[in-house]
Amino acid sequence: MLIDTHAHLDFKVFDNDREEVIERAFKGGVEKIINIGTNLESSRKSIALAENYRNIYASVSLHPIDVEKEEFDFETWLKLAQHKKVVAIGETGFDFYHKSDKKKQKEIFKYLIEIACKVKKPLILHSREADEEVLEIIKNSKLPPMPGVVHCFSRDFDTAEKFLDLGFLISYTGNITYNEERANSVSKIPLDKIMVETDCPFMAPAPLRGKRNEPLYVKYVAEKIAEIKKISFEEVADTTTENAKKLFVL
Ligand SMILES: [Zn+2]
């Protein structure tokens, strides 16, 4: 069984068939799904999904690319973070690919780290063209007891190691099936530091690249990891599932 540790099932693109998508995943070998909120409305929707499905959990955040679109009220977010089915805070970090205000991104990132510490839940880090800056912040911050995970990882092993040294896990999406460069850290990172995710509706794995992604396809990510590490699919599924259960206390 697999756990899709990063899905955006609250997005509009699933409005017509959300239930079917979820059913397909649970029938097709996905045991649990963590749905990631990206702004206030999306975080509330994630919690609602988690309340409706026993095996869906939520993470809440104001995404780095959304920081200029709404006000951030610390108490409101702290309250959401305390919900019993919220298992993580994020995705948060820096995104220097999209042009949202860097100062604002930093401010929100720090607030969300503070909230994660208060509720003792792990962080889900988003780092796009910004590894150095993300590392700088987390190195100099008090972190939650189990610090968290870097999601959608596709950089080199040296970068991965810096996050591993700070206690973070590494999570892979379908983009490791696109080319060898994106997958080049997989062989060197121990399996007990790895989780799998879809980041759906984005990052559909190679056989479906360009199409809408969904939690069922997390199996292609696990398959690719098994192929690179020359181990069985079951071993990847079992260990990554165990890692997710431990980190998110599922
Ligand atoms: Zn995401």
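Which residues are exposed on the other side of H5? They are Glu132 and Lys139.

## About the model

This is a predicted model, in which local features need pLDDT of at least 70 and side-chain atom pairs count only at pLDDT 80 or more, while totals for chains, interfaces and linings use all residues. Residues are numbered from 1 along each chain as its sequence is written, and side-chain values use heavy atoms, with hydrogens and water left out.

## Helix H5

Helix H5 covers residues 131-139; helices here are DSSP runs (H or I, at least four residues), as are strands (E, at least two), numbered from the N terminus. Its buried residues are Asp131, Val134, Leu135, Ile137 and Ile138. The arc is taken from the directions from the helix axis to the C-beta atoms.

Buried means under 20% relative accessible area, exposed over 50%, and partly exposed in between (1.4 Å probe, protein chains only). The cover over the buried residues of H5 includes strands E4, E5 and E7 and helices H4 and H6.

## Helix H7

In H7 (residues 218-229), the end C-alpha atoms lie 17 Å apart, which agrees with the 16 Å that 12 residues should span at 1.5 Å a residue. That expected span is 1.5 Å times one less than the number of residues.

The buried residues of H7 are Val218, Val221, Ala222, Ile225, Ala226 and Lys229. They cover an arc of only 135°, which puts them on the same side of H7. Just after this helix, Lys230 takes a positive phi of about 55°.

Definitions and conventions: Contact = heavy atoms within 4.5 Å.
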